[in-house]
Amino acid sequence: MVERGYRPRKMAIVPDSSWNSVTYAQKGHTYFTVMSRGKGGHSSRPWTFKEPRFDGDWWIENGWVLGCARETGTSFVLPEELTKFGGGTFDGNEEIEEVTFGEDTEVAGGFSNCPELQIVNFGGSERRIGAYAFWGDTYLDDVTIPASVEEIGKEAFLNCSYIQDLAFEGGVRDIGAGAFSNCASLISLELKDGGKRIGENAFYGCWRLMSVKLPLSLEQIGDNAFKGLKNLTGVTVPTHVKTMKEIFPDRYSSIKTVVIPEGETDIIDGMFDGCSSLTSVIIPNSVTNVGARAFGGCSSLAELGLPDGVRRIGAS
């Protein structure tokens, strides 16, 4: 039986895959699950009621945390049995400083606008970090994204302006729109091989970034993903996706050094056109095609060595 003296902080509505069971949790009310023997909420058959498990701190139902009974505290360790966490359970909490997730917990959300949250310890098996999960956590410091993570949702770390060290242990396949926008304390960024897509505005406004390393595996870079970078001087960038002017619209003409990843075969038309401060480009032996005006307007580039395997060079 749920101890009625405890009250959940937020409401969560968690349907099962067929919508035959819906769990409700609301501040001031006991948690319960309504299960229909028919389909939808208009069944003529009887409803049955079941309360979720309560362990003294947490209400848990089907692997979800529906709420926390603790009104205060600076550190929370989530139950190992969790498979999903979200529903805004800690959104706006002004006391929490550290959270530790279970090994198999899916981080769907739940910690946005927590002004004192400094430390997030992921379990290491998460496949996804949901949209808005840590949005506006302005005191969040070092963040390490586990190698298991395949997707980071929209604006997951938006306005986390204090993050200085952002480490990716593996290649995140999909980084959502605005995922790290306005993380203004970042100095360097290295995305690992395996990443396929960077959404629009993903790193918009990360103005302190001085170096960016992007993997060869990238297939899509969204509009303004790296807009507003005022201090960028060196990049590692694949040359088959977009031009420098498209990737770094505010800074392409000030970048001085470029490394093209090993394994790249194409330098597309206009890739470095207008990069007037460029003094060094390291081109791997794998490159075989150089597009038209690939180095147009590179007035500071004194010399350029092309690999012996280059078979085509476009018009200058």
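How many salt bridges does the structure hold? The structure holds 8 salt bridges. The model is predicted, and the points below go through some of its contacts.

1. Salt bridge of R197 and D174. The side chains of these residues meet with N and O 2.6 Å apart. R197 belongs to strand 19 (residues 197–198) and D174 to strand 17 (residues 174–175), so the bridge ties together parts that are 23 residues apart in sequence. With a relative accessible area of 28%, R197 is partly exposed. D174 has 17% relative accessibility and counts as buried, because the limit for buried is under 20%.

2. Salt bridge of D250 and K227. Here the N to O distance is 3.2 Å. D250 sits in the loop between helix 1 and strand 23, while K227 sits in the loop between strand 21 (220–221) and strand 22 (234–236); the pair links distant parts of the chain, 23 residues apart. D250 counts as partly exposed at 40% relative accessibility, and K227 counts as partly exposed at 26%.

3. Salt bridge of D273 and R293. The closest N and O atoms of this pair are 3.0 Å apart. D273 is found in the loop between strand 24 (266–267) and strand 25 (280–282), and R293 in the loop between strand 26 (289–290) and strand 27 (312–313), 20 residues apart. D273 is partly exposed, with a relative accessible area of 21%. R293 is partly exposed as well, at 39% relative accessibility.

4. A buried arginine without a salt bridge. R251 lies in the loop between helix 1 (244–247) and strand 23 (257–259). R251 is buried but has no salt bridge, and the nearest side chain of opposite charge, that of D250, is 9.3 Å away. What lies 2.8 Å from a polar atom of the R251 side chain? The backbone oxygen of L232 does. Leaving out residues up to four places away in sequence, R251 touches L229, K230, N231, L232 and T233. One of these, K230, has its charged end over the ring of W207, 5.9 Å from the ring centre.

5. K256. This lysine is in the loop between helix 1 and strand 23. K256 is partly exposed, with a relative accessible area of 45%. Its C-alpha atom is 5.4 Å from that of S277, a residue 21 places away along the chain. Neighbours within four places in sequence aside, K256 is in contact with T233, S277, L278, T279 and S280.

6. Aromatic pairs. The whole structure contains 12 aromatic pairs. The pair of F101 and F122 is stacked, because the ring centres are 5.8 Å apart and the planes are at 10°. F101 lies in the loop between strand 10 (98–100) and strand 11 (106–107) and F122 in the loop between strand 12 (119–121) and strand 13 (128–129), so the pair ties together parts 21 residues apart in sequence. Both F101 and F122 are buried.

7. A second stacked pair. F111 and F134 have 6.1 Å centre to centre and 15° between the planes. F111 lies in the loop between strand 11 and strand 12, and F134 in the loop between strand 13 and strand 14 (143–145), so parts that are 23 residues apart in sequence are tied together. F111 and F134 are buried.

8. The phenylalanine cluster. Which residues do ring pairs link into a cluster? The residues are F101, F111, F122, F134, F157, F168, F180, F203, F226 and F248.

How values were computed:
Residues numbered from 1 in each chain as written. Predicted model: local features only at pLDDT ≥ 70, side-chain atom pairs only at ≥ 80, totals over all residues. Heavy atoms only, no water. Helix = DSSP H or I, 4+ residues; strand = E, 2+ residues; numbered from the N terminus. Buried < 20%, exposed > 50% of the residue type's maximum accessible area, 1.4 Å probe, protein only. Lys, Arg positive; Asp, Glu negative; His and termini not counted. Salt bridge = Lys/Arg side-chain N within 4 Å of Asp/Glu carboxyl O. Polar contact = N/O pair within 3.5 Å; in protein donor to acceptor, adjacent residues only side chain to side chain. Contact = heavy atoms within 4.5 Å. Phe/Tyr/Trp six-rings, centres within 6.5 Å; stacked < 30°, edge-to-face > 60°. Lys NZ or Arg CZ within 6 Å of the ring centre and 35° of its normal.
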